[in-house]
Amino acid sequence: MSQIIQWIEIGTIIRSLGCCPSEGELHDLIAEVEEEEPTGYIRFEKFLPVMTEVLLERRYRPIPEDILHRAFEVLDPAKRGFLSKEELIKYMTEVGERFSQEEMEEMLSAAIDPESNSIHYKDYITMMVVDEN
């Protein structure tokens, strides 16, 4: 019997392997391994060689810490070092590649300081950065 993976889990699997594809890149990858008639599932035998190639080519590498810091500073022009929960939700759900409700809740649970109800992005970036050594 063939092993199958729900296509909705592919992003979680890929990210757990240290890859950081955009949503567009993730959709392209899913399209590459999906059956002719989409079923919502992907056969592991079809996924494994594609994912092996992705890992060997070091595709979808994480963004370096200094670039993440500059990106947060763009959202924080006053250079306070933090964003309020409301600001973060606005930026992540209304601008650019929008987060889904589930992605937003996951980010908030990891990023928001419950005492200040804000994200101190320098600390959050340190948590996000993947050590490639």
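Reply: Let's look at arginine 58, which sits in the loop between helix H3 (44–56) and helix H4 (65–75). Please keep in mind that this is a predicted model. The backbone at arginine 58 has a phi near 55°, a positive value in a residue other than glycine.

The domain assignment gives domain 1 as 4–57 and domain 2 as 65–128. The C-alpha centres of domain 1 and domain 2 lie 27 Å apart.

Now follow the chain onward to another loop, the one between H4 and strand S3 (82–84), where you will find lysine 79. Lysine 79 has a positive phi of about 55° although it is not a glycine. Lysine 79 has a relative accessible area of 52%, and the cut-off for exposed is over 50%, so this lysine counts as exposed.

Finally, a look at charge on the surface. Glu9, Glu102, Glu105 and Glu106 form a negative surface patch. One of these, glutamate 102, belongs to helix H6, which covers residues 101–111. Glutamate 102 is exposed, with a relative accessible area of 62%.

How values were computed
Residues are numbered from 1 along each chain as its sequence is written. This is a predicted model: local features need pLDDT of at least 70, side-chain atom pairs count only at pLDDT 80 or more; totals for chains, interfaces and linings use all residues. Side-chain values use heavy atoms; hydrogens and water are left out. Domain bounds come from an automatic or database domain assignment. Patches are made of residues with over 30% relative accessible area and no salt bridge: like charges are joined within 9 Å, nonpolar side chains (Val, Leu, Ile, Met, Phe, Trp, Tyr) within 5 Å. Accessible areas come from the Shrake-Rupley method with a 1.4 Å probe; for residues, only the protein chains shown count as cover. A salt bridge is a side-chain nitrogen of Lys or Arg within 4 Å of a carboxyl oxygen of Asp or Glu. Lys and Arg count as positive and Asp and Glu as negative; His and the chain ends are not counted. The place of a charge is taken as NZ of Lys, CZ of Arg, CG of Asp or CD of Glu. Helices (H or I, at least four residues) and strands (E, at least two) are DSSP runs, numbered from the N terminus. Buried means under 20% relative accessible area, exposed over 50%, partly exposed in between (1.4 Å probe, protein chains only).
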